[in-house]
Each structure stands twice: as C-alpha cells, then as structure tokens.
Amino acid sequence: MFLMAGLMLLALGCTEKSNTYNLVPYPQELSPQSGAFKLHEDTKVLYAGGENTRFVAQSFADFIAPASGLQLSVEAAPNAKAVIGAILFVEDKAIDGVEGSYKLQVSPRGIVVKANNPVGLFYGFQTLRQLLPAEMESKTQVSDLDFSIPAVSINDAPNFSYRGLHLDVGRHFYPVDFIKKYIDLLALHKMNVFHWHLTEDQGWRLEIKKYPRLAEVAAYRDETLVGHLGVGEHKYDGKRYGGYYTQEQAREIVKYAADRFITVIPEIELPGHAQAALTAYPELGCTGGPYKVAKKWGIFKEVYCAGNEEVFTFLEDVLLEVMDIFPSKYIHIGGDECPKDRWKTCPKCKKRMKVEGCKDAHELQSYFIHRIEKFLNEHDRDIIGWDEILEGGLAPNATVMSWRGIKGGEAAAKQGHNVVMTPNTHFYLDYYQNDPKEDPLAIGGYLPLSKVYSYNPMAGELSEEEAKHIIGVQGNVWTEYMPESSYVEYMTYPRACAIAEVGWLPFEKRDYSAFAKRLQGHFKRLDVMNVNYFDKVLMPAPSVEIVEFIDEGVLELTDNAVAAALYYTTDGTTPTAASSPYQGAIKVSEEGTIKAVAIDARGRSSKVLEVPAKRLSFIEGTASVGASKGVEVKLVKGEFATCKAVDEADGEMLVMKGITVPESAGNVHFGLAFEGVLSIDQDGLYQFILGSDDGSQFLLNGEVVIDNDGYHGMRYKKASLALKKGNYPIKVLYFEGGGGGDLRFALKDDQGTDMNLNSCLSH
C-alpha cells in the first residue's frame, strides 16, 4: 500500500507542472498554489463597485482581446462573495491597506481581485497580466496561445507611495506615441509617476498660448553637438532641430496616464536652464541678450533675472497654463544648476538682494523659489525641486528630489520636508551599463543593473520619524546622448524594472539573484512589446582593479549579469563553465593574473575579466608632519578638462579640515587642488578610494596613485599601498565640468575599516 501511494505521488509529480511567477515587481506576500485558471470564450469579467471598478474590469477585458481573440463579457457581479468560472474585481472599503494594496486569489475555479480603491484593483490587473503568457502582449491574434493563469494567493502593497520615472524631452524630442509607450511600461511595472522634463537650455517643449514664441523660437536650436561634450574640439551637425507638444497633445498624454493610474508631473525649469526661453523673450534675462537656444550640453550662465518683475509675471502666466493642463498636486520647478554669475553683476538683482535682505546670491535663489512656491500654493499646488532648492533656505512646503547622492534628501527630511530619493549614484539611467567601448555614446559613469537594485532608500542617518519623510524613489533619464526613442529604451530597461522593485519591496525582502532569474522570463514580455532593452552578459565587477598585497591579497567579484554564474582561474588560462565556480572571496598569495567570466542561464558568456595580482614593497614617507590640522586648498573658478590644468592655474587659497568640496566653490565650473601631509601610525596595507564627478587624481610622495581624470559622471577608483609608519605628502586634484559636482576621498586600513582622515591630515 505504501509503495502504491509513493508511485501515485511520483506520477502526479510527473504530470503536474509547478507554477512559476515571473512578476516584476515581486509581491510582498505570495503563496504558490497548484493548478491554473484557463480563460475561454464564456469567461465573464465581473465587477462589484463603482464606475472606476467597472473601468478596471473593462481594461482587463480589453487587454485580453487582441492576442486571444476572446471578447470577454464585462458585467456587474450578482454576488461579490463567490465566483466560479469568472474573474471578479471587488472594491471593498473594509479592506485595510495603503493606496495600491490588493489581494489576488487565482484558483482553477475562478479569480478574485480585491482592493479598497481602484488603484489596487488596477495593480491586481497588472499582476494578472504578468501571470499570463508573454504572447498576450501582442496587438494581433496569436494562434495556439495558452490562456492559463497559474494559481496563486497574493497579498500585496507598495512600500512607497511615490514610484516614478523621469524623461527629459528638452535635449531630444520624442513623438507622442513613444511617450504613451513609456507610460505603458510604467503601468506594467506598477509605477505611478511620470516626471516629464519639458524645458531646457536646448529646447522648450510645451505650447504656451500667451507666449507663442516659446513654440516658434524656443523649441528649436540651429544645430546640435556631435560627440561627447567633454572630448576634443566641439563639432556640430549643422541641422536645425526641435519640436514641441501642443496643449491638446499634452492633455491627451495626461488622460492616457490617468487611465493607467499614473500622475504626470510637469517640470518647468527655473531660475536656471532657461536659455531657450530667454532666446524667445530676451528681456527676461539679466543682460537683455541676444541669446541663442543652446546647441551643446552643460550649464549656462544665462538665467532668469531675479530682479526683474516681468520674469515673475511671465512665469506665473506660464504656470497658470501648465496647471490648467496638468492636474497633478506637484509642479516641478527644477531649481538645479543655476549659476549666479549674472545675478552678482546685474543692477536689478543687486537691488532685489538689498530690498529683500539677501546676504548672497544663494539667498536670492531662495527668494525666487519661495515666491514661485507661494504663487503655486495659492492655486492649491505644491512645488517639488532638485536638492539645490535647499541652498539659501528651503521653501516652506517644498518636496525635495535628492539627486546629488543622498545628503540633500537627508537634510530635507531632518527639516520635516518630504523627499523623493533619486541619487545619481544609483538611479541615473544615462550612465553606461556596459563597457563604453562596446555601447553607443553616453554621458559617462557606470551603473549596472545590480547596483541599481542594491539601493536602500532608508539606509541614511535618519530617525524613525525623519525617515517617514522619504516618500519614494525615481529613476532619471537625461537624454543628451539619446537622439532616438529606441536608445532611450535601451538605457532605461531593464534598469527601470529594478527601480520599480526598489520602490515596491522593502530592502529586506529583496533578492538580486531571484530578481535576475525572474527577469529572464520577463524579458519575453518586453520582446513582445518591442522594447529595445539592454540584454548583454556583463563581466563580473572586481572589488579592486589590481590585487595589491604584502603576504596575501583578496579579490571579490560582483555578478553584474542577469541570472549568471561566475567562474575564474588563477593560472592565466581562460575560464569556462568547467573552471572554479566563484563562491566567495578569492585569496591570492602569488603574483599573476586572475581571470573571471559570467555565464548566464542561456549559456552566453561575458567578456573575460582580467585582474593582475601584484606583491607590494613598502613605501616610506618623505615629509614632516604639518604644523596645523587639515589641508590647504586652492580654489580655481573656470572651465577645466584635465586635473593638470587645475594644478597649473592660479586661485584662492583656503584651509579645510578634510578633502571635500567647499561651499564657496558653487556648483559648476571650478577646480580644486588639496595639499597636505598624511600621517600613518603603523606599517601596513592601506586602501585609498577616490570618487568624483568629474575628473580627479590622487598623488602620494609626488607620484600619481589614482588617476580618475577626464569628464565623466560619478566614478570611483581604488588603490592599495604598503606604507611604513611615517608622514606622506599628498595631493588631490579635482575639477567640476558640467554640473553634478561631487568629490569623495576615503582611506581604509588593512582590516577594511574606514579611517578618520581628518585626524590624519596636516599642513
């Protein structure tokens, strides 16, 4: 009898297919079930609730129709408590949960989606959509299509109320159909905000009826930069470029998004990034022009005149029309990268500063932002802006987007302001995700999928109460080097999938390996939707570029590929799937070359990573300890392309405690040269880490140790040195070339512990 039962179980195991759930983002709670519900021509889609519930039910039926050919009947439910052979959407106010939470039960007998609001029902629909075969995304009927939905029990809710994706249409202009496709992909991944960056130095993209020259003049530039802004002599294509969205088109997009429970937040840049608008209306600038719509990227000195009342009349008129088109609670006003050069010499601006009691140009910008906020608040709207709006004092009701790392967001949260975390270190999708030699031109930096997914928005130094002000996350797509919509997709996906899951799941519930495996199935859906996503096998990322050691070194590898295994060799041979599998830190005690490769679930191999291993000899210091703590800093204002140019230039001398950007540097176009003495208390192996946006170099004993020179996004480099006890002359060179200035310098001891640099430095 026991044997018979075992044979029966074995037979069932052979015939019953276990269900898979390639859901992105993954639900908070998912209980696998056996069996499946199969759609057929008699399946009904029922709803119990108001008009919005009926709308979601009808949306599900409309989604099913093209690929399946099934015209499912949508009807009010006669009984909301039980369902057999149907799909039921139930809006139940008694169900607990935040907006967007839902419960989904799929069994072979029927399907029930429950939520206390239509948003949750819509997210339940998106989960059903992803449970169906990828071919269901087809716009034409597919023969021999399996209409089964795997049985499952799900209790789900978003972790953050704000889950957004941004698109810059100022640098490059994209057709309405692509904007709708972009929104469709947000809906699929349960993201609820489309941040539409509509104005820039290089083009104004929204029709404003009262100011027609914004469409006629500001929407077009004479030509466009060819190649990278920071490389070589600037050349241009000689072709007029531009376009704008009519108000009717913008309203159409707002409704299209609203039908998918997505809010469109428009961004009207001020007081900087205004050169296109000033070209159309030069009287709004400090100099009166003439101006030209910018034909290259970067940051420009031509900004709205803060002392001119006509500027505020213009902006209020513009914002009135913007508010009439966009019903969103938030209006994004930019506020970033506003050089103060013109304001410092403009008589009107200087008069405004005196009248308003502004001690400097930063406070004048704060006045500007406060005034715009007051106007928008009077119309029942709130402002949201980049973290520069913190400078000079934050407007009372403002929400901050923290893009220059996380510090701005933490500062705003400590002041009681809501924050959307969108750090360039993890969420800037214009950064390369592959070897720059292999991919089309991008702005710089390196941001693989695994790093995007690794971000924890709640990891900062905030109290429990302060952390409540972190309301969400957002990915940003800046398009200087994305002239075509297909390249926007290539840079955005699948990294936007990772951002969607970061916004949906708490950090402790996330698992990159599981996410990567689910993506393999999810890619089939993106294929059917004709998304030009990034699908290459990336090399493993090494913890150091060179394993430098005294007795024994360590190399750690990070899997940047999707659903891949890592293999390595230490004898110089090329690794294969038969080589040693990477299962932890590789210990190295001999000089040579470690080679590693990633091989994904489809058997595809990455390029081979090669990391040299080098035994170090001890270095001795060549300096005497300085008389005073800290370092001397030369601050040089101007545009630079190399660290050498900063080193050779004359500038203002400062003294600082550590190696960081002084406030007086501003936020664009400057160079810094730090010099001091580093005191080492005992012999040992020390690791130096230098990160910068843009170029930087670290010198010790007069020799370059880390070379991070050139124009690029935030990029970290490391080097290890065997140092004898003593005092070492050091120099750190840095330049900021185009916005987003950031400099990080750190030192770790042989145990990997961060050292207090400030206590080790003197001059």
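## Cavities

A search of the whole structure, which is a predicted model, finds 3 cavities of 30 Å³ or more. On a 1 Å grid over the protein atoms alone, a cavity is a set of points where a 1.4 Å probe fits but cannot get out. Points are joined across faces, edges and corners, and a volume is the space filled by probe spheres set on them.

The second largest cavity has a volume of about 80 Å³. Its lining residues (those with an atom within 4 Å of a point) include Gln433, Arg495, Phe534 and Val562. By class, this lining has 6 nonpolar, 2 polar and 3 charged residues. Ala, Val, Leu, Ile, Met, Phe, Trp, Tyr, Cys and Pro count as nonpolar, Asp, Glu, Lys and Arg as charged, and the others, Gly among them, as polar.

## A pocket

A pocket is an open set of points with protein on both sides within 12 Å along at least five of seven lines. The second largest pocket has a volume of about 1,000 Å³. Of its 29 lining residues, the closest to the centre are Arg404, Thr660, Val661, Pro662 and Glu663. Strand 41 gives the largest share of the lining, 4 residues.

## A sheet

Strands (E, at least two residues) are DSSP runs, numbered from the N terminus, and two of them pair if DSSP finds at least two bridges between them. An open sheet is formed by 5 strands in the order 25-32-31-28-29, with mixed pairing. Strands 25 and 29 stand at the edges with a single partner strand each, so one side of each is left without a neighbour in the sheet.

## Basis

Residues are numbered from 1 along each chain as its sequence is written. In this predicted model local features need pLDDT of at least 70, side-chain atom pairs count only at pLDDT 80 or more, and totals for chains, interfaces and linings use all residues, while side-chain values use heavy atoms, with hydrogens and water left out.
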